[in-house]
Amino acid sequence: MDLSNLKPAQKSKSSKRLGRGEGSGYGDTASRGHKGAKSRSGYSKKIGFEGGQMPIQRRVPKFGFNNRGRVEYKPINLDTLEKIAEKLNITTIDKDVLVVNGLASKHDLIKILGNGSLTKKLTVKANAFSKSAKEAIEAQEGTAEKI
């Protein structure tokens, strides 16, 4: 091995050496083209810049209000609970039962609503209950437990 065998490491050397005179082929404008913002030193494109066209964040109308503090519940009615209890022949309904039967995902907060009627004594465990649902469950001597 001697100096004649040495080569630079791969990708260590750029093939273009910009702004090194006319003879290099990359002098003059140094491959930046003529005039315009991109040819100037210190140029940096602003986020969302679309070449002078009105940017999408200014074209799209903005209205309404999204409350970041809103709590989203997955609503489930009493008649649905009744059907599940009859189908599976169970007396306790909790989040796991609802997830297994495809009525909620494991990350959902569940609220039991009072639509429909209840004929069985059930123990229901959920994140929230409507007033009518709680009364209907307790009228059948069941329990409505908050998780």
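Q: What makes the contact of Arg59 and Glu50 a salt bridge?
A: The N to O distance between the two side chains is 3.2 Å. A salt bridge is defined as a side-chain nitrogen of Lys or Arg within 4 Å of a carboxyl oxygen of Asp or Glu, so the pair Arg59 and Glu50 qualifies. This is a predicted model, in which local features need pLDDT of at least 70 and side-chain atom pairs count only at pLDDT 80 or more, while totals for chains, interfaces and linings use all residues. Residues are numbered from 1 along each chain as its sequence is written, and side-chain values use heavy atoms, with hydrogens and water left out.

Q: Why is Arg59 called partly exposed?
A: Its relative accessibility is 41%. Buried means under 20% relative accessible area, exposed over 50%, and partly exposed in between (1.4 Å probe, protein chains only); Arg59 therefore counts as partly exposed. Glu50, at 28%, also counts as partly exposed.

Q: How many salt bridges does the structure hold, and which residue pairs with Glu72?
A: The structure holds 2 salt bridges. Glu72 pairs with Arg70, their closest N and O atoms being 2.7 Å apart, and both Glu72 and Arg70 are exposed.

Q: Why does Met1 count as exposed?
A: Met1 has 86% relative accessibility, and therefore counts as exposed. Met1 lies in the segment before α1 (56–59).

Q: What makes Met1, Leu3 and Leu6 a nonpolar patch?
A: Patches consist of residues with over 30% relative accessible area and no salt bridge, nonpolar side chains (Val, Leu, Ile, Met, Phe, Trp, Tyr) being joined within 5 Å and like charges within 9 Å. Met1, Leu3 and Leu6 form such a patch on the surface, with about 440 Å² of accessible area together, by the Shrake-Rupley method with a 1.4 Å probe.

Q: How do you know that β1 and β3 are paired?
A: Two strands pair if DSSP finds at least two bridges between them. Strands (E, at least two residues) and helices (H or I, at least four) are DSSP runs, numbered from the N terminus. β1 and β3 (residues 109–113) share 5 bridges in the parallel sense, so they count as paired. Ile76 stands opposite Ile112 in β3.
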